[in-house]
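Subject: Structure for your review

Dear colleague,

Please find the structure below, together with its sequence. I would be grateful if you would read the notes that follow with the model open beside them.

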Amino acid sequence: MASFPYLDEAQLRKRKAQYLAQNSVAAASQIQELLDFLNSFKVQVGILGEHRAGVTMLVEALLSKPRTVTNLYAYFREAQQPTLSAEAHVHPTFPHLILHNLPGFEASEKPAAYLKKLGDLQQFSCFVMVVGTGGFRDIHLQVLKAIKQKKKAFFVVRTKIDLDLHTAARRLQYRYNPAEQMNQIRKELSEILTKDGLEAKKIFLVSGLQTERYDFAWFEDTLEGEVLNLKRHHEGNLKDFHAVSQKIVKELFEICKFNSLAEVPVVIQGMLAKPTQIHLNVAVIGETGSGNSSLINALRRVGSEETGAAPTGVAETTRTVTAYPFPSVPNMFLWDLPGVGLMEGDVKRLDLSRYSAFLLVASERYKHIHSCLAKIIASEGKQSFFVRNKIDVDVEAQAENQPMLKEKLQEQIRKNCVEALKNDGVDCPVFLVSSFMAEAYDLPLLREELQKQASELKRKALRRAIPTVFSQLVRLKSKVLMKDVWGKTLQVGLSSVDNLNETVVEKLLAIIASFCIHLGLNETSVANTARCTGKVADRLQEQIQSRFAQAMEPTEVLTLIVKSPSWSNWAWSYMPYWGRGGEVEATISVEKVYNLLKQAVVELSGDAERLLLAAFSKD
């Protein structure tokens, strides 16, 4: 979508001078009103924190200028330059939103001295307090108390969360669960604030180097909601969407930037029809010593000494999660997870969110811990396969050279496993395998079953991720549209200088209609989406609830954008001779035009997300 050229104050002043030179006083006066609007409409946000906490990096991320770091080790080792004086930055999407990178403070600095350095806090609409890995210090709390006394809202942003999670993963190993760790950090920060009588609007955990992950999108949406009244919050992170190849992700991003969201269903439907490019992540998990790594090698027909094989040994060899491609199915990966412990609490702390199917590996005998794993997997609507490994050890030892007895023993072990799982309320297929006899027992059947179910498992993985995908795509598209709202508003404001109000209304209706097209909400787009997904068009049309998607009367739009007449103008309009018989000349309000277009993007974005979800719903 073509953007209007951005009009700054210098350009508007130049235009005003041109009108004055032409003796067009009325037009010059309207230009001055635009200039006054620009100044009065600015929203100031103060962002502050301890030196080296990552304030500047957070500001850069909000400005859509995230820093690219190729060598993380070198980056964190180098001394970060502290911010010593305030720096004001214009937001790229909302030019009236000014982000102030305020001077930082040292941990030992006196709060009173620092507050004096900040100056008048009243000039800011709200504040963002950035807290680094060292957590809250007394100066953080004292500054926040001063902000609270000024009756200003504040948010708390805990930066460098990626470092905390990396450390926790190394320390906890198989017990590591990122969501649990983040909740713990958030809880500790909240308790400190509450103890000091402070309650932040929200506490966000972010990484300035990985803005596509953690709470950054939530923080950005919440900040915009607080200062710009944009009430929106989209869940999930598209770059964390493990079921889609980077090629498809890039294609979806391109659609958001340049084309209509009506093209998204075609891409998603194509993936469901031919799921080759959908990633299928299968976790291989079991107790330490169950032979997970050997099983992966056997399924892949790779010898333990060959290049690319999973490391095996008597002691535990898998210490980090590692992916291995399954050769017979494109984009299918077997993930070798470190062995789990015997406690049910350990299992509940596991992060299994990124996997779509699971091989639960046991050796020697079935244990209750396996049912705990299977229940957690089933609760997330995912498939599990119970794999009894090292079956050759049991069978060969008890029935050497006795084929009939071998078969009997196998069936008895299988029956015991199935009954034990059912007694624990778990129903999943059971395979008896030997990682050292790759073509014996049930291992060929397991390999064949994975190949057979791969396409359907991929489709299920994509369908589970669809709400996250659509939420993020709509969010990206709405930001693209919102970026044009300011420029369009000023263009409409300028056009009202020379043109009739009716022409302004026509421009606004055309702009809103273009929003509908780009969000896939116009009649043709809805019909195409219905045809592509096999849904009834009327059913999809029901998801469109915003008035901006309906035919709007010009008079209705005009009432939304004109200034309310002052009492004196209204009174004079009824005075004999001087008045106009009760008529008051309508004057366009630039602020109301901006709010109208901004609200249109927000409402229509919500409609677009509902429509896409309905298009791919099961009913």
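Predicted model: local features only at pLDDT ≥ 70, side-chain atom pairs only at ≥ 80, totals over all residues.

Strand E7

Which strands are joined to E7? One is E9 (residues 332–336), which runs parallel to E7 and is joined to it by 5 bridges. Within this pairing, asparagine 281 has phenylalanine 333 of E9 as its bridge partner. Another is E10 (residues 357–363), also parallel to E7 and joined to it by 5 bridges. Here isoleucine 285 stands opposite leucine 360 of E10.

Helices H11 and H19

Next, please look at helix H11 (residues 264–273) and helix H19 (residues 523–533), which pack with their axes 9 Å apart. The angle between these two helices is about 5°. Angles under 35 degrees count as roughly parallel, and H11 and H19 are therefore roughly parallel to each other. On the H11 side, the contact is made by Pro265, Val266 and Gln269. On the H19 side, it is made by Thr529, Cys532 and Thr533. The residues of this contact divide into 3 nonpolar and 3 polar, with no charged residue.

Helix H3

Helix H3, which spans residues 55–62, is mostly covered, with 6 of its 8 residues buried. Those buried residues are Val55, Met57, Leu58, Val59, Ala61 and Leu62. Just after H3 comes serine 64, which takes a positive phi of about 60°.

Cysteines

How many disulfides does the whole structure contain? A search finds 0. For reference, a disulfide is a covalent bond between the sulfur atoms of two cysteines. Two cysteines may be examined for their surroundings. A residue is called buried when its relative accessible area is under 20%. Cysteine 126 counts as buried because its relative accessibility is 0%. Cysteine 256 also counts as buried, because its relative accessibility is 2%.

With kind regards

Technical notes: Residues numbered from 1 in each chain as written. Heavy atoms only, no water. Disulfide = S-S within 2.5 Å. Buried < 20%, exposed > 50% of the residue type's maximum accessible area, 1.4 Å probe, protein only. Axes fitted to C-alpha atoms, helices over the stretch in contact; angles between N-to-C directions. Helix = DSSP H or I, 4+ residues; strand = E, 2+ residues; numbered from the N terminus. Parallel < 35°, antiparallel > 145°, perpendicular 65-115°, else oblique. Contact = heavy atoms within 4.5 Å. Nonpolar A, V, L, I, M, F, W, Y, C, P; charged D, E, K, R; others polar. Pairing = 2+ DSSP bridges.
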